[in-house]
Amino acid sequence: MERQELARLHRRVGRADVAAVSEVRGAVRELLRYRWKEEPAQVAELLLSELVTNALVHTDDGAVVAVSVAPRRLRVEVRDFVPDMPVSHVPDADDGTHGRGLVLVESLADSWGIRPDPLGKVVWFELDGERP
């Protein structure tokens, strides 16, 4: 039986710290660099940045990002401290760049969801991938 390698990343993102989005994205890029093929790693970066940006734009208390990666599975969780559940919708064409985050997650992730948490909620996604 093959032993499962598991790598983890855990970061706190401060309130309104928009620069943290690119920092967390870079940390995930490094985490996946030698573990996953380039295309699924880029999808992971995109979806992560969408969820972190949503948490920073729609809450006042920041977020906690947790990433775990195994040879064939990646899970990202973004926990915020607001219990209101987000609603996925198709944005109007005139809506600029807003309202597309969960639509991207829904269309690109292998699985995803939102679950209530005693301190707020967790929005998560999983991707299937493989070693380079």
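Predicted model: local features only at pLDDT ≥ 70, side-chain atom pairs only at ≥ 80, totals over all residues.
Biologist: What percentage of the residues is buried?
Modeller: Of the 132 residues in the protein chain, 42% are buried. Buried means under 20% relative accessible area, exposed over 50%, and partly exposed in between (1.4 Å probe, protein chains only).

Biologist: Which residues touch the most other members of the largest nonpolar core?
Modeller: Leu74, Phe125 and Leu127 do, in a core of 33 residues. Such a core is a set of buried Ala, Val, Leu, Ile, Met, Phe, Trp, Tyr and Cys residues joined through side-chain atoms within 4.5 Å.

Biologist: Which elements give two or more residues to this core?
Modeller: They are strand S1 (7-13), helix H1 (19-32), helix H2 (38-58), strand S2 (63-70), strand S3 (73-80), helix H3 (101-108) and strand S5 (120-128). H2 supplies the largest share, 9 residues.

Biologist: What does Phe125 touch?
Modeller: Not counting residues up to four places away in sequence, Phe125 touches Ala44, Leu47, Leu48, Leu51, Leu74, Arg75, Val76, Val105, Ala109, Ser111 and Trp112. Contact here means heavy atoms within 4.5 Å.

Biologist: Turning to the helices, at what angle do H1 and H2 pack?
Modeller: The angle is about 155°, and their axes are 9 Å apart. Axes are lines fitted to C-alpha atoms, for helices over the stretch in contact, and angles run from 0 to 180 degrees between N-to-C directions.

Biologist: How are H1 and H2 oriented to each other, then?
Modeller: H1 and H2 are roughly antiparallel. Angles under 35 degrees count as roughly parallel, over 145 as roughly antiparallel, 65 to 115 as roughly perpendicular and the rest as oblique.

Biologist: Which residues of H1 and H2 meet?
Modeller: From H1, Val21, Val24, Arg25, Val28, Arg29 and Leu32 meet Ala41, Ala44, Glu45, Leu46, Leu48, Ser49, Val52, Thr53 and Leu56 in H2. By class, this contact has 10 nonpolar, 2 polar and 3 charged residues. Ala, Val, Leu, Ile, Met, Phe, Trp, Tyr, Cys and Pro count as nonpolar, Asp, Glu, Lys and Arg as charged, and the others, Gly among them, as polar.

Biologist: What about H2 and H3; which residues meet there?
Modeller: Val43, Leu46, Leu47, Glu50, Leu51 and Asn54 in H2 meet Gly101, Leu102, Leu104, Val105 and Leu108 in H3. The contact of H2 with H3 has 8 nonpolar, 2 polar and 1 charged residues. These two helices pack at an angle of about 145°, with their axes 9 Å apart.

Biologist: A few single residues now. Is Val69 buried or exposed?
Modeller: Val69 is buried, at a relative accessible area of 1%, and lies in strand S2.

Biologist: What is Arg79 in contact with?
Modeller: Leaving aside neighbours within four places in sequence, Arg79 contacts Gly62, Ala63, Val64, Arg115, Asp117, Lys121 and Val122. Arg79 belongs to strand S3 and is partly exposed, at 22% relative accessible area.

Definitions and conventions. Residues numbered from 1 in each chain as written. Heavy atoms only, no water. Helix = DSSP H or I, 4+ residues; strand = E, 2+ residues; numbered from the N terminus.
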